[in-house]
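Subject: Structure handover

Hi,

Here is the structure for you to look through. My notes on what turned up follow below it.

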Amino acid sequence: MQQKHSTLVALSAAALVLNGTSARANPPDQKTSFDYRYSNYTEKPIDDAKVVEGSNQRYTIDAHQLKLKAPVATDTELTFSGVVESMSGASPWYVVPNAEGEPVQVMSGATIDESRVEVGVDFRSYNERSESTLSLSHSTENDYASFAFGYAAQWRMHQNRGTLSGGINASKDFIDATDADIYPGRPVEETKNRVGGFLGFSYVMTKNRLAGITLGYSNLEGYLSDAYKLAWVAGDIVQDSRPKNQSLMNAALMLREYFPAASAALHFDLRYFQNDWEITSGTVDVAWYQNLGDGGWQLIPSLRYYSQTAAIFYQPYYLSARSDGFYSSDYRLSEFSATSARVKLSKAWRSVAVNLMYESYSASGDHPAMLSYDLISLGLKANF
């Protein structure tokens, strides 16, 4: 459930920036717009030598995303969104030592077949000096349901060169794992709560340069373990067990520089993350937005590098019991680094735009189930 949910949500988050329409620095355009995106996410198989049991074939996810924006009045607009995802494949289950003491992966069978449906609505209000957006969403799977709320606002100052932004968000998840009668350790009627907020400031330094900083903080409590993962502890197999609380903070710096002579823009982002499970991470993301002539074509190559430390209680397997009772061999809690290369080609006409994007992601570390995947997506936007 949690791994499936996290994978699906991660894919959604990557693709929900439909055709680059997330920026909201302008007043409502009084137009109705429609966005659609199809994405195919395919995880690469694990090396046979690292799998001791189960299928080495991992998830494949197909996602269909829709967004409809319509004006309500001269200064307000409503946006409805929907996501339908289906996934199939096998998942890393737990890790055991082989005869040489090296960690090898036990996978689930390639029989997982899951789907997720999410609906959301944003109400945006704009005036000359500020704007605000209220968001509500609901996501459901056969073993998971989530309700989320968000409120964000922006205030423009210094002749609109500076923008102060802030927001709060909260969610409540309901977890009811499948096959709990077959696997007694799986959770039934568990919940997870999250509250968070952020504060940011951006400034137009010159007519071609924009810089900004954002700080965020969140707190989670409830069932934070993975219902479908196990851990090998001194020869016994136990349920994945993590602390019931987590506090995390993040910081982000961004720079946008337009080069008129090249008709191109550089986007540079630097992000830092830290939680009280002793995971820290850093991300560097660089993208080049190149206009191709006057025909509405744009090419966007980009690179991202990510690195994180391991959670304090993580181990691929445990030779002895821990005094706190926390166990997880989830590769996402291990120390690893990852690189991602993306390229996006878009074409815009008067009222229609299309784009095609490809991403190749590869992680490296000591865990036998390090993730690599390919993502292809096709987007369409139309204004009426």
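The largest cavity has a volume of about 40 Å³. Please keep in mind that this is a predicted model.

What lines the largest cavity? The residues are Pro92, Trp93, Tyr94, Val95, Gln105, Lys229, Leu230, Ser329, Asp330, Tyr331 and His367. Strand 5, residues 92-97, gives the largest share of that lining, with 4 residues. By type, the lining splits into 6 nonpolar, 3 polar and 2 charged residues.

You will find glutamate 359 in strand 20, which covers residues 352-365. Is glutamate 359 buried or exposed? Glutamate 359 counts as buried, because its relative accessibility is 3% and the cut-off for buried is under 20%.

Another is tyrosine 373, with a side-chain to side-chain polar contact of 3.3 Å.

Setting aside neighbours within four places in sequence, glutamate 359 is in contact with Arg304, Ser340, Ala341, Arg342, Tyr373, Asp374 and Leu375.

Best wishes

Terms used
Residues numbered from 1 in each chain as written. Predicted model: local features only at pLDDT ≥ 70, side-chain atom pairs only at ≥ 80, totals over all residues. Heavy atoms only, no water. Helix = DSSP H or I, 4+ residues; strand = E, 2+ residues; numbered from the N terminus. Buried < 20%, exposed > 50% of the residue type's maximum accessible area, 1.4 Å probe, protein only. Polar contact = N/O pair within 3.5 Å; in protein donor to acceptor, adjacent residues only side chain to side chain. Contact = heavy atoms within 4.5 Å. 1 Å grid on protein atoms, 1.4 Å probe; cavity = no way out; pocket = protein on both sides within 12 Å on 5 of 7 lines; lining within 4 Å. Points joined across faces, edges and corners; volume = space filled by probe spheres on them. Nonpolar A, V, L, I, M, F, W, Y, C, P; charged D, E, K, R; others polar.
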